[in-house]
Amino acid sequence: MRNKLRRVLVATLSACILLGVLLVMNLGSIYLWSVTPRTPFSEARPPTPPDYTQPSAWSALPELKDLADTVPPSSPGVDQSQAPVDVFYIHPTTYIGGEWNGPIDDAALNTATDRVATLIQASAFNACCAIYAPRYRQANMTAFTSQGKDGLAAVDFAYQDVAAAFRYWREKYNHGRPFILAAHSQGTVMARRLLREAVSGTPVRNQLVAAYLIGMPMSEGNLRQTLPDIPFCDSPEQTGCLISWNARSPGYTERIQVRNVVADTASEVGPTLCVNPLTWRHDTEAAPRERNEGAVFLEATPPQVMPGLTGAQCKEGKLEVVLGGELPRDFMSRLLDRAMGEGNHHPVEYQLFYMNIRRNASERVAAFLRTGAAANTRSDP
């Protein structure tokens with residue numbers, strides 16, 4: 001009897017271990033299945049549209065006390081009411097529900113957006129600039145893992161909010177001032193289209209200090225065709241240029257493959273743009289970890305600054321990083337990391353190079369103002 005019970009317990013434990021292994025191995029697929037909408041986009045009930053005249057439609061505004069005001073130790077921010085340059089920041093996917101587009105009036109979702117996007121990404125620019133971060137009816141994550149018509153419709157729906165926020169920002173707040181466009185992941189898809197439709201080839205192009213469009217593969221050939229007047233950044237003080245990278249460790253696993261959604265006819269093939277955030281050059285030079293001024297994890301308790309956490313080198317369109325320490329990630333963040341895949345650092349692409357981004361944004365702003373470009377770009381919105 002005792003041996004029989006032992007065999008049952010061993011079999012049960014073995015089954016649990018096997019189930020756990022299978023769950024971990026298929027965590028990405030399980031996650032995507034759980035958030036996939038069950039109805040076609042055409043039958044979906046759209047969330048309430050944002051009213052950008054209301055502060056509640058913004059995750060960050062200079063006149064508000066918000067998480068974009070957070071600063072790392074020993075690196076004060078500017079008085080945003082006096083900042084000479086704006087940042088228009090578009091956040092990544094933070095909605096994990098099962099509809100095609102997320103709401104902007106859900107308090108829990110907005111709190112999550114503020115903490116896992118505005119706090120850890122937009123705040124990198126508060127040493128130089130006034131930060132504007134709109135909420136928008138973001139597309140379901142599955143819109144970026146497959147190329148179905150429903151997903152494309154959800155992305156276009158989300159973009160209409162971003163475009164409306166950009167127009168309102170220009171009319172109400174910006175008034176022809178220089179600006180940085182900053183984004184990550186889904187936000188980068190929105191920002192790229194915004195560059196193409198509202199900046200490139202227009203007078204607004206002359207106001208652009210730089211575009212930090214991180215965390216989404218973008219082919220160099222497509223960018224050159226669709227944004228011919230916006231070059232890739234190739235020095236730390238170059239202005240009017242585009243920056244992008246996708247951070248991975250050697251031998252990484254891509255359990256959730258995030259794809260770009262291109263709303264134009266140019267081919268999305270060829271090398272992927274990679275600008276190294278430790279050298280700010282579009283080349284394959286390896287930068288040692290000593291050049292990393294600090295990975296910053298403001299979401300950790302207490303916040304952590306980790307100088308020299310990783311070096312970086314652009315290889316075959318990816319930014320190759322080798323971490324020299326464990327990341328301070330909470331339980332839910334570690335689940336996300338597991339779902340994305342081992343060595344896939346998509347969720348922390350801003351945090352890994354936070355202090356370098358912070359310094360570089362200030363350097364580009366200074367260079368832009370020093371050349372007198374700002375004085376020549378004042379125009380009616």
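A salt bridge, as I use the term today, is a side-chain nitrogen of Lys or Arg within 4 Å of a carboxyl oxygen of Asp or Glu. Side chains of opposite charge can pair when their charged atoms come close. Keep that in mind. One caution before we start: this is a predicted model.

Let me start with D114 and R135. Their side chains meet in a salt bridge, at 3.1 Å from N to O. D114 sits in helix α3, residues 107–118. R135 sits in the loop between β3 (130–134) and α4 (149–174). The two are 21 residues apart in sequence, so the pair ties together separate parts of the chain. Are D114 and R135 buried or exposed? Both are buried.

Rolling a probe the size of a water molecule over the atoms shows where empty space is left. Searching the whole structure turns up one cavity of 30 Å³ or more. The volume of the largest cavity is about 40 Å³. Which residues line the largest cavity? R135 is one of them, and the lining also includes H91, P103, I104, L109, N110, T113, Y136 and Q138.

Next, a pair inside a helix. R193 and E197 form a salt bridge, 2.8 Å from N to O. They are four residues apart in helix α5, residues 186–199, so about one helical turn separates them. R193 has a relative accessible area of 17%. Buried means under 20%, so R193 counts as buried. E197 has 42%, and counts as partly exposed.

Helix α6 has a pair too. R224 and E220 form a salt bridge, with the closest N and O atoms 3.4 Å apart. Both lie in α6, residues 220–226, and they are four residues apart, about one turn of the helix. E220 is at 13% relative accessibility, so it counts as buried.

Now the backbone. Where is there a cis peptide bond? Go to the bond from T301 to P302, where omega is near -5°. P302 is in the loop between β8 (295–297) and β9 (304–306).

Two residues have a positive phi without being glycine. W280 has a phi of about 60°, and E316 has about 50°. W280 is in the loop between β7 (247–248) and β8. E316 is in the loop between β10 (313–315) and β11 (318–320). Their surroundings are opposite. W280, at 5% relative accessibility, counts as buried. E316 is exposed, at 84%.

On to the surface. F331, M332 and L335 form a nonpolar patch there, with about 340 Å² of accessible area together. L335 belongs to helix α7, residues 331–340. With a relative accessible area of 33%, L335 is partly exposed.

Finally, zoom out. The chain has eight helices and 11 strands. Of its 381 residues, 52% are buried. The chain exposes about 16900 Å², and carbon and sulfur atoms supply 56% of that. And the contacts? Take those between residues at least 6 apart in sequence: 81% join residues at least 24 apart.

Conventions:
Residues are numbered from 1 along each chain as its sequence is written. This is a predicted model: local features need pLDDT of at least 70, side-chain atom pairs count only at pLDDT 80 or more; totals for chains, interfaces and linings use all residues. Side-chain values use heavy atoms; hydrogens and water are left out. Patches are made of residues with over 30% relative accessible area and no salt bridge: like charges are joined within 9 Å, nonpolar side chains (Val, Leu, Ile, Met, Phe, Trp, Tyr) within 5 Å. Accessible areas come from the Shrake-Rupley method with a 1.4 Å probe; for residues, only the protein chains shown count as cover. Buried means under 20% relative accessible area, exposed over 50%, partly exposed in between (1.4 Å probe, protein chains only). Contact means heavy atoms within 4.5 Å. On a 1 Å grid over the protein atoms alone, a cavity is a set of points where a 1.4 Å probe fits but cannot get out, and a pocket is an open set with protein on both sides within 12 Å along at least five of seven lines; lining residues have an atom within 4 Å of a point. Grid points are joined across faces, edges and corners, and a volume is the space filled by probe spheres set on the points.
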